[in-house]
Amino acid sequence: MNTPAHPSPKQITGVWLLLVAATFVSWLLIEQHGISARIATTVALLIAGVKARLVLRQFMELRTAPWVFGALFDAWIVVFVGAIIAGYWIALH
Amino acid sequence: MSALGELVHVDLTNPALARRSAHRRLAGEPGVWVFIGADMAAFGLFFLIFTYGRAAHPALYEQSRQALNPTIGLLSTLFLITSGWLVALAVGAARSGDRGPARILLVLAMLVGSGFAVNKIIEYSAKISSGITMLTNEFFTYYFIFTGIHFIHFLIGMVALAACVSKARGEPSQARFLTWIESVACYWHMVDLLWIVLFPMLYLQL
C-alpha cells in the first residue's frame with residue numbers, strides 16, 4: 001500500500017518554521033533599501049506563492065487529497081500571484 | 001513504516017477510520033471545500049481588481065501604500081501562521097484520540113489568532129484617526145473592503161474554532177469529531193493563506 005500518511009507533529013512544526021522564516025525574509029525585502037525595489041517586490045510575491053502552496057499542501061493536506069484538487073489550487077496560485085506580478089511590472093512602464 | 005503502522009493501528013480500532021486513510025481524500029467535509037473554492041475565487045477576483053486599478057494609477061497606489069505599517073502586517077502574518085500551526089497540531093492530536101491536548105491546542109490557536117484581531121483594530125483606528133477612510137481614494141476603498149471581508153472570514157473562523165473546542169468535549173463520535181476539526185482547520189488555513197497573498201499585494205512598491 002502506498003497510502004500517503006498524515007503529517008507528523010515534527011513535519012507540521014517544520015512547515016511552520018519555514019513559513020515564519022519566509023515571512024521574515026519578505027518583510028526584510030519590503031523594508032530594505034539596498035537592492036532594487038522591483039526585484040525585492042517580485043521576490044516577496046514569489047515567496048508569498050510558495051508560502052500559499054505550503055499551507056495548501058501541508059496544512060490543508062492537499063498533498064494527500066485526490067490529484068485534481070492539488071492541480072486546481074496550484075492553478076489558483078499561478079494565475080493570481082502571476083497576475084499580481086504581471087500587473088506590477090506593467091504598471092512600471 | 002510509520003504509514004504502515006498507522007494503517008494497522010487504525011484497522012484494529014475502527015474500520016470506518018481505516019477507510020478514511022486507505023484512499024487519497026480531502027480533509028474534512030467536502031461541502032467545506034465548496035466554500036473554500038468559492039472564497040478563493042472571490043479573493044482571486046479582488047486581486048485582479050486591485051491589480052487593474054494599480055496599473056491605471058501607480059503613483060496614487062504608491063503614495064497610499066506608504067501610509068501602511070509593514071511591521072503590523074508582519075505581526076498579523078506571524079499570528080495567523082502560528083495559529084494555523086497550532087490548529088494543524090490539534091488535528092494530529094485529535095486523530096490519535098487525544099481530545100484533551102487537541103482542545104488545549106485549539107484554545108491556544110484562538111488566543112494567538114486573537115492577536116490578529118487586536119492588530120486589525122489598531123491598524124483601522126490608526127487609519128481613521130489620521131483621517132484615512134474608505135472614501136479617501138480608490139486604494140483605500142479596496143484596502144478597507146478586501147481586508148474587511150478577510151476580517152469577517154477571520155471572525156467566522158474564530159467562532160468555528162470555538163465550536164470545535166466545545167465538540168472536543170461534547171461530541172461522542174470520534175469520526176464526527178474528526179470531520180468537524182478537519183473541516184474547521186481547512187477553513188482556518190484558508191484565512192491564513194488569503195492573508196499571505198493579500199499582505200504583499202497591498203505593500204507593492206514602485
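Read along the sequence, chain A runs α-α-α. This is a predicted model, in which local features need pLDDT of at least 70 and side-chain atom pairs count only at pLDDT 80 or more, while totals for chains, interfaces and linings use all residues. Residues are numbered from 1 along each chain as its sequence is written, and chains are lettered from A and ligands numbered from 1 in the order in which they are written.

**View 1. Chain A as a whole.** Chain A holds 3 helices and 0 strands; helices (H or I, at least four residues) and strands (E, at least two) are DSSP runs, numbered from the N terminus. Its C-alpha atoms fill a box of roughly 55 × 25 × 15 Å along the principal axes. The radius of gyration of chain A is 16 Å, whereas a compact globule of 93 residues would have one near 12 Å (taken over C-alpha atoms; the globule rule is 2.2 Å times the number of residues to the power 0.38). Of the 93 residues in chain A, 35% are buried. Here a residue is buried if 20 or more other C-beta atoms lie within 10 Å of its own, exposed if 12 or fewer, and partly exposed in between, with C-beta atoms placed from the backbone.

**View 2. A loop residue in chain A.** Look for A:E61 in the loop between α2 (37-59) and α3 of chain A. Its phi is near 60°, a positive value in a residue other than glycine. A:E61 counts as buried because it has 24 C-beta neighbours inside 10 Å.

**View 3. Helix α3 of chain B.** This helix (residues 30-56) has 27 residues and reaches 40 Å from its first C-alpha to its last, close to the 39 Å expected (1.5 Å times one less than its number of residues). Among the buried residues of α3(B) are B:V32, B:I36, B:M40, B:F43 and B:F47. An α-helix has 3.6 residues a turn, so residues three or four places apart point the same way. The cover over the buried residues of α3(B) includes α3 (67-92) of chain A, along with α4 (58-65), α7 (138-170) and α8 (174-202) of chain B.

**View 4. Where the two chains meet.** The contact takes 42 residues from chain B and 41 from chain A; two residues are in contact if their C-beta atoms, placed from the backbone, lie within 7 Å. On the side of chain B that touches chain A, α5(B) gives the most, with 11 residues.
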